[in-house]
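Take a look at the model below.

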Amino acid sequence: MPYSDLLKGRYSQIHREYFITFCCYKRIPFFASAKLAQLFCTTITTNEQACGCQWLTWVLMPDHFHGLVLLHHSDLSACIRHLKGCTAAMVNRQLQRRGKVWQSGFYDHALREDEQRIHIARYIVANPLRKGIVSSVRLYPYWNSVYL
């Protein structure tokens, strides 16, 4: 799907929760590296503080990211741009390279009141299980959730 299609109808609303997905450039598994994955995880807190958001649930996979974010006083695109920008700079610095780390754009779904947050959180966190990376979520270190 072209990035321009993802922008159609996008409206950022404070005090709203969004399910987010974005992928590494050409699905390169940058975050198969434990060091890079750990650095990404520390960037979540920086992003929350800088952008006025809260990552309620998230999982970092080797080549993509899923999250459930609550906007307190930020624009959704600005929040994602900050997270992707900080982590891209960090990856490039660590690998002593220049180049894209993330694909352009991101997928978002604004949650409705009747959607079950716990089910969405479980879906997000279970991603390493579905991909066969681990046999138990407890064995996967790159996730967090206020619900679980």
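Helix 2 (residues 34–51) lies across strand 2 and strand 3. Its direction is at about 165° to strand 2. This is a predicted model: local features need pLDDT of at least 70, side-chain atom pairs count only at pLDDT 80 or more, and totals for chains, interfaces and linings use all residues. Residues are numbered from 1 along each chain as its sequence is written, and side-chain values use heavy atoms, with hydrogens and water left out.

**Terms for the elements**
- Helices (H or I, at least four residues) and strands (E, at least two) are DSSP runs, numbered from the N terminus.
- Angles run from 0 to 180 degrees between N-to-C directions, and axes are lines fitted to C-alpha atoms, for helices over the stretch in contact.
- Contact means heavy atoms within 4.5 Å.

- The open sheet has 5 strands in the order 4-1-3-2-5, with antiparallel pairing (two strands pair if DSSP finds at least two bridges between them).
- Strand 4 (107–110) and strand 5 (143–145) stand at the edges, each with a single partner strand, so one side of each has no neighbour in the sheet.
- On average, neighbouring strands of this sheet are turned by 25° against each other, direction ignored.
- Strand 2 (residues 53–60) and strand 3 (residues 64–71) run antiparallel, joined by 7 bridges.

**Residue H66**
- H66 is found in strand 3, and V59 stands opposite H66.
- H66 counts as buried because its relative accessibility is 8% (buried means under 20% relative accessible area, exposed over 50%, partly exposed in between, with a 1.4 Å probe and protein chains only).
- Leaving aside neighbours within four places in sequence, H66 has contacts that include F19, W58 and I124.
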